[in-house]
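Reader: I am new to this structure. Please take me closely through one part of it.

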Amino acid sequence: MFDIGFLELLVIGVVALLVLGPERLPGAIRSTLRTVRSVKSMATGFRQEVEQQFKIHELHENLKKAEQQGLENLSPELQKSVDELRDAAKSVQKPYEKK
């Protein structure tokens, strides 16, 4: 991510020690690490959301192709997409079924 070597980290650490002092430096490091972790977490969540949206879009495109072919004699890829969508529809309907 960053191209920072040991010498640069050492300089940053010495400057931080001089500016913040030994009392506040550990708190500043913890705060910085917490911020970096939260940014990484948000980036991971965003990436997963985008991947999920791409998969949903691909399933919709495959369903359109399958509907154009009349849901018969489908390629294995299209059949798999149709089966996934049917399973998802069944799982959504399960909580609402009458007993």
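Author: R37 sits in helix α1. Helices here are DSSP runs (H or I, at least four residues), numbered from the N terminus. This is a predicted model, where local features need pLDDT of at least 70, side-chain atom pairs count only at pLDDT 80 or more, and totals for chains, interfaces and linings use all residues. Residues are numbered from 1 along each chain as its sequence is written, and side-chain values use heavy atoms, with hydrogens and water left out.

R37 is exposed, at 56% relative accessibility. The classes are buried (under 20% relative accessible area), exposed (over 50%) and partly exposed (in between), with a 1.4 Å probe and protein chains only. From R37 to Q79 the C-alpha distance is 41 Å, and 42 residues separate them in sequence.

Now the charged pairs. Side chains of opposite charge can pair when their charged atoms come close. The structure has three salt bridges, each a side-chain nitrogen of Lys or Arg within 4 Å of a carboxyl oxygen of Asp or Glu.

E51 and R47 form one of them, at 3.5 Å from N to O. They are four residues apart in helix α1, so about one helical turn separates them. E51 is partly exposed at 46%. R47 is partly exposed at 46% too.

K55 pairs with E84, with the closest N and O atoms 3.8 Å apart. K55 is in helix α1 and E84 in helix α2 (residues 76-93), so this bridge ties together parts 29 residues apart in sequence.

K64 bridges to E61 at 4.0 Å between the closest N and O atoms. K64 is partly exposed at 48%, and E61 is partly exposed at 32%.

Terms used. Helices (H or I, at least four residues) and strands (E, at least two) are DSSP runs, numbered from the N terminus.
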